[in-house]
Amino acid sequence: MLTLLQRKELLELPELKEFLAASVYDPTPERLAKRVRAYRQNASIAVFACREADIWKGVAVVQRTGSLGTLLDIAVSEKDRKQGIGRFLISGIIKSLALTDFYAETDEEAVGFYRSLGFTVTSLGDKYNSGSQRYLCQKGEEG
């Protein structure tokens with residue numbers, strides 16, 4: 001059975017740092033440490049992780065402003081993908097923080113995942129001039 005935990009200190013666990021690295025552009029140890037430090041210092045940021053027994057399965061970081069949540073990072077163990085872990089994290093975040101609106105920015109690879117959760121998906125074009133399309137995924141009163 002999956003368990004959802006909410007604590008910023010979880011980002012210090014090596015397994016969860018490794019998961020988080022998968023969602024960070026050019027995840028050098030310095031960049032990763034800087035991101036973890038920034039997340040831990042920002043009062044509007046919440047960190048969620050899930051595990052089954054003693055095995056970590058995924059981590060998500062969300063910024064909360066009132067009843068609006070913006071997903072900053074989400075990562076699931078490579079061997080546990082496509083098993084409902086991401087769905088579990090997002091639904092747990094929305095419920096735990098009593099969010100009425102939830103946003104995530106993603107790439108082409110994850111659009112289907114967000115659509116399957118009932119998100120409205122809007123193209124942002126090549127937002128970062130990287131040759132890759134970005135998408136805004138919205139769920140809630142506005143999406």
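**Close-up 1. Ser-77 sits in the loop between E4 and H3.** The model is predicted: local features need pLDDT of at least 70, side-chain atom pairs count only at pLDDT 80 or more, and totals for chains, interfaces and linings use all residues. Residues are numbered from 1 along each chain as its sequence is written, and side-chain values use heavy atoms, with hydrogens and water left out. Helices (H or I, at least four residues) and strands (E, at least two) are DSSP runs, numbered from the N terminus. Ser-77 counts as buried because its relative accessibility is 5%. Buried means under 20% relative accessible area, exposed over 50%, partly exposed in between (1.4 Å probe, protein chains only). Ser-77 is in contact with Phe-19, Trp-56 and Lys-57, leaving aside neighbours within four places in sequence. Contact means heavy atoms within 4.5 Å.

**Close-up 2. Helix H3 (85-96).** The end C-alpha atoms of H3 are 16 Å apart, which agrees with the 16 Å that twelve residues should span at 1.5 Å a residue. The expected span is 1.5 Å times one less than the number of residues. Buried in H3 are Ile-85, Gly-86, Leu-89, Ile-90, Gly-92, Ile-93 and Ile-94. Ala-98 follows H3 and has a positive phi, near 50°.

**Close-up 3. The largest nonpolar core has 23 residues.** A nonpolar core is a set of buried Ala, Val, Leu, Ile, Met, Phe, Trp, Tyr and Cys residues joined through side-chain atoms within 4.5 Å. Ile-90, Ile-93 and Phe-102 touch the most other members. Elements that each supply at least two core residues include strands E2 (45-52), E3 (55-65) and E4 (68-76). H3 gives the most, with five residues. Not counting residues up to four places away in sequence, Ile-90 touches Leu-71, Ile-74, Phe-102, Phe-113, Tyr-114, Leu-117 and Phe-119. Apart from this core lies another, of 18 residues, among them Leu-5, Leu-10, Leu-11 and Tyr-39.

**Close-up 4. The largest pocket has a volume of about 1300 Å³.** On a 1 Å grid over the protein atoms alone, a pocket is an open set of points where a 1.4 Å probe fits, with protein on both sides within 12 Å along at least five of seven lines; lining residues have an atom within 4 Å of a point. The volume is the space filled by probe spheres set on the points. Of 37 lining residues, Ile-74, Thr-106, Asp-107, Ala-110 and Tyr-114 lie nearest the centre. E4 gives the most to the lining, with seven residues. The lining divides into 17 nonpolar, nine polar and eleven charged residues. Here Ala, Val, Leu, Ile, Met, Phe, Trp, Tyr, Cys and Pro count as nonpolar, Asp, Glu, Lys and Arg as charged, and the others, Gly among them, as polar.
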